[in-house]
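Please read them with the sequence and the model side by side.

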Amino acid sequence: MTGLRWYLLFEKLMIFGFFLCLDAFLYVFTLLPLRVLLALLHLFTLPCCGLRGSLLLQPAQVCDILKGLIMVLCYSMMHYVDYSMMYHLIRGQSVIKLYIIYNMLEVADRLFSSFGQDILDALYWTATEPKERKRDSIGVIPHFIMAVFYVFLHAILIMVQASTLNVAFNSHNKSLLTIMMSNNFVEIKGSVFKKFEKNNLFQMSNSDIKERFTNYVLLLIVCLRNMEQFSWNPDHLWVLLPDVFMVIASEIAVDIIKHAFITKFNEITADVYSEYRASLAFDLVSSRQKNACTDYSDSVARRMGFIPLPLAVLLIRVVMSSVNVQGALSYSCLLLFYLGMVTLKVLNSIVLLGKSCVYVKRANMEDKLFERPSTAAPGKTPSRTRKTSGCTAPSGDPWSERSPSSPSCTSITAQPTPTASPTLRPETVPPPPTTSTTPASPPIPEPDLDPDTLTPSPPATPEQKEEEGMEGTELKHRTPKKDLLDVDRFTICGNRID
């Protein structure tokens with residue numbers, strides 16, 4: 001029963017992460033074009049309505065237009081890449097060369113994902129940074145050119161992966177497909193016999209979710225290309241399905257074996273996957289708030305290393321080259337297909353948001369959704385002399401605040417010295433200190449105090465001390481809740497981006 005419970009919790013995490021990736025992937029095809037059109041409409045109608053001191057475009061609209069331009073430019077550049085020539089070039093290589101190429105492509109895909117998220121974040125931040133806070137940077141246009149070239153190169157990299165997988169499917173003896181499937185079991189050797197903490201296992205789980213979703217899209221591209229070569233003969237689909245199921249089954253089996261032995265050797269309980277799922281749900285819920293700093297698709301990209309833009313560009317290129325759209329009936333079917341994708345996207349988002357709220361409530365993390373930046377307590381002057389501290393929350397993520405009492409977060413500056421105030425109100429006078437390590441000055445006689453100008457605060461009663469002690473204990477009890485969110489959200493394929 002314990003093994004069955006572990007498997008159910010693990011698969012629930014993988015399924016939830018898969019639908020998160022699917023939601024971010026469908027967003028590129030469904031809502032992003034509509035948001036780009038609305039942003040352009042708002043931009044073109046501004047001369048008629050007048051600026052009236054408002055911004056030309058909102059930051060979210062600027063990011064949408066940049067994403068749309070990147071998609072259009074990369075799609076036009078992909079027309080110059082011949083998929084058929086690439087397929088025959090790869091097919092002419094020997095089996096051992098293809099095996100090495102496929103392994104190199106997997107490593108390159110992870111590196112591209114890590115590097116690409118930095119490029120896109122730099123572009124969005126540079127384009128939406130306020131003018132009064134402009135920093136020394138290379139500008140929006142160089143960042144935009146780098147982002148376009150990154151998406152184009154990453155799309156070509158995924159195309160080579162799909163071509164290699166297509167060659168393995170079409171080989172007569174299936175030896176290449178067997179070798180590529182056995183390559184998944186090499187992960188067990190490199191992962192099982194290492195020491196893993198909960199945070200490292202979380203990063204590996206996110207990487208496995210992203211890898212599983214990417215493999216599904218690659219299999220879809222392979223099926224589309226093969227069906228197009230056989231004139232969409234349904235009989236050929238039944239020839240491809242056994243190999244497709246074999247690849248999917250090997251991927252799932254490797255993930256189960258790898259995580260089962262990692263949790264066994266490192267004595268990690270199965271409940272940790274529920275915590276991982278609650279953390280992913282917290283990312284989704286917090287990114288849907290009005291004061292969210294990032295879009296939910298960007299949150300998924302940072303957490304799992306999944307960047308949907310290159311994969312979407314390649315899929316559009318393959319679909320447009322495989323399917324001929326001619327006539328009114330074809331365009332009507334295309335419109336119905338688009339409406340169906342929009343419906344699927346909306347339903348998927350609604351179900352994900354509802355499930356995420358349930359998971360966050362079960363993990364008692366709903367209080368963190370409404371946390372505000374720490375402000376000065378009543379009767380205390382906020383400190384402005386503290387410049388740096390031992391740890392800071394990641395930029396763009398206001399929900400990963402760490403407690404100052406954490407062992408890994410220590411202040412490296414001295415405490416601020418109190419300054420004299422010219423006028424004091426009776427409410428702002430702090431109570432006299434109870435203990436002092438320095439020699440005290442002679443006490444001022446009490447009759448000399450003017451009750452009209454200065455009224456000392458009464459000494460704390462035992463009930464007030466008890467309430468302060470209870471507040472302190474509540475703060476101490478809240479700090480252990482941070483372990484679910486202490487993992488840096490800027491993790492790409494297991495690598496932290498500082």
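1. Salt bridges. The count comes to 10 salt bridges, a salt bridge being a side-chain nitrogen of Lys or Arg within 4 Å of a carboxyl oxygen of Asp or Glu. The model is predicted, so local features need pLDDT of at least 70 and side-chain atom pairs count only at pLDDT 80 or more, whereas totals for chains, interfaces and linings use all residues. Residues are numbered from 1 along each chain as its sequence is written, and side-chain values use heavy atoms, with hydrogens and water left out.

2. D109 and K210. One of the salt bridges joins the side chains of D109 and K210, at 2.8 Å from N to O. D109 belongs to helix α6 (residues 95-128) and K210 to helix α10 (residues 198-229), so this pair ties together parts that are 101 residues apart in sequence. Helices are DSSP runs (H or I, at least four residues), and they are numbered from the N terminus, as are strands (E, at least two). Both D109 and K210 are buried; buried means under 20% relative accessible area, exposed over 50%, and partly exposed in between, with a 1.4 Å probe and protein chains only.

3. R110 and E211. The side chains of R110 and E211 also meet in a salt bridge, at 3.6 Å from N to O. R110 lies in helix α6 and E211 in helix α10, so this pair too ties together parts 101 residues apart in sequence. R110 is partly exposed, with a relative accessible area of 36%, while E211 is buried at 11%.

4. D255 and R212. A salt bridge of 3.0 Å, N to O, is formed by the side chains of D255 and R212. It links distant parts of the chain, with D255 in helix α11 and R212 in helix α10, 43 residues apart. D255 and R212 are both buried. Together with E11, these two residues are linked in a network of salt bridges.

5. Aromatic pairs. A search of the whole structure finds 15 aromatic pairs. Rings of Phe, Tyr and Trp (its six-membered ring) pair if their centres lie within 6.5 Å; planes under 30 degrees apart count as stacked, over 60 as edge-to-face and the rest as tilted. F10 and Y273 form an edge-to-face pair, 5.5 Å centre to centre and with 80 degrees between the planes. F10 sits in helix α1 (residues 2-29) and Y273 in helix α12 (residues 272-287), 263 residues apart. Both F10 and Y273 are buried.

6. F261 and F265. The ring centres of F261 and F265 are 5.7 Å apart and their planes stand at 45 degrees, so the pair is tilted. Both residues lie in helix α11 (residues 234-265), four residues apart, about one turn of the helix. F261 counts as partly exposed at 36% relative accessibility, as does F265 at 43%.

7. Ring cluster and charge over a ring. Ring pairs link F18, F19, F25, F29, F213, Y216 and F306 into a cluster. Elsewhere, R277 lies over the face of Y359, at 4.1 Å from the ring centre; a charge sits over a ring if NZ of Lys or CZ of Arg is within 6 Å of the ring centre and within 35 degrees of the ring normal.

8. Exposed phenylalanine. F193 is found in the loop between α9 (186-191) and α10. At 67% relative accessibility, F193 counts as exposed.
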